[in-house]
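Subject: Structure handover

Hello,

Here is the structure for your files, with the sequence. My notes on it follow below.

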Amino acid sequence: LMQGKYAQARLFSAELGKAASVTGFDAAADLAMIDGMENPALKAHAVELIQQSPFMFDGADDRALSFALLGEYELAMHNLEKAFAEGDPHAININRWPVYDPLRKDPRFQALLQKMNLKP
């Protein structure tokens, strides 16, 4: 997705969607996110589906990641803070994931890193 390979991402998402009953994967929200990344006019629909999805969680590798990919950094930051407060085991990775690079200068992101005892 971060490389702009939307067609490949759609195929992968469709394959995961076939096993949705087993994995709990929300193919509709994932496909909407891909569409929103490719076409900003579709971003609002993607945000709505991501927020309403029963299979997506407030977490560094789920809702926050999806919002960051869409460029919805306020929503991403809100979800990162919530994820950390709830003990998300993936939150520790936010300092290494390039998807969060646009948030690095945000004072809230810096404060979150300090709470996790991570270097900015």
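Of the 120 residues of the protein, 38% count as buried. The model is a predicted one, and every value in this message was computed from it.

Overall fold

The protein has seven helices and zero strands. Read from the N terminus, its elements run α-α-α-α-α-α-α. Its radius of gyration is 14 Å, close to the 14 Å that the globule rule gives for 120 residues, so the protein is as compact as a globular protein of that length. The C-alpha trace spans about 40 × 30 × 20 Å along the principal axes. Among contacts with a separation of 6 or more, 50% are made by residues 24 or more positions apart.

On charge, there are 12 positive and 16 negative side chains. The centres of these two sets lie 7 Å apart.

Nonpolar core

In soluble globular proteins, nonpolar side chains tend to be buried together. In this model the largest nonpolar core has 30 residues. The residues with the most contacts inside this core are I50, L70, L80, I94, Y100, F109 and M116. Two or more core residues come from each of α1 (6-18), α3 (27-38), α4 (43-52), α5 (63-69), α6 (73-85) and α7 (107-115). Helix α3 gives the most, with five residues.

What does I94 contact beyond its neighbours within four places in sequence? The partners of I94 are A60, L80, Y100, R104, F109, L112, L113 and M116. Of these, L80, Y100, F109 and M116 are also listed among the core residues with the most contacts.

Buried positions

- S66 lies in helix α5. Its relative accessible area is 5%, and the cut-off for buried is under 20%, so S66 counts as buried. Leaving out residues up to four places away in sequence, S66 touches M33, I50 and M56. I50 is one of the core residues with the most contacts.

- G59 sits in the loop between α4 and α5. This glycine is buried, with a relative accessible area of 3%. With residues up to four places away in sequence not counted, G59 touches A64, L65, N79, A83 and D88. The C-alpha atoms of G59 and M33 are separated by 16 Å, and the two residues are 26 residues apart along the chain.

- Y6 is found in helix α1. With a relative accessible area of 18%, Y6 is buried, as the cut-off is under 20%.

Exposed positions

Is P54 buried or exposed? P54 is exposed, with a relative accessible area of 60%. P54 lies in the loop between α4 and α5, where G59 is also placed. The C-alpha atoms of P54 and R96, 42 residues apart along the chain, have a separation of 27 Å.

G87 is in the loop between α6 and α7. Its relative accessibility is 51%, and the cut-off for exposed is over 50%, so G87 counts as exposed. G87 and I50 are 37 residues apart along the chain, and their C-alpha atoms are separated by 21 Å.

N117 is placed in the segment after α7. At 70% relative accessibility, N117 counts as exposed. N117 has a positive phi of about 60 degrees, although it is not a glycine.

To recap, the model is predicted, and it contains seven helices and zero strands. Its largest nonpolar core has 30 residues, with α3 giving the most. S66, G59 and Y6 are buried, whereas P54, G87 and N117 are exposed.

Regards

Methods
Residues numbered from 1 in each chain as written. Predicted model: local features only at pLDDT ≥ 70, side-chain atom pairs only at ≥ 80, totals over all residues. Heavy atoms only, no water. Core = buried A, V, L, I, M, F, W, Y, C linked by side-chain atoms within 4.5 Å. Buried < 20%, exposed > 50% of the residue type's maximum accessible area, 1.4 Å probe, protein only. Helix = DSSP H or I, 4+ residues; strand = E, 2+ residues; numbered from the N terminus. Contact = heavy atoms within 4.5 Å. Rg over C-alpha atoms; globule rule 2.2 N^0.38 Å. Lys, Arg positive; Asp, Glu negative; His and termini not counted. Charge placed at Lys NZ, Arg CZ, Asp CG, Glu CD.
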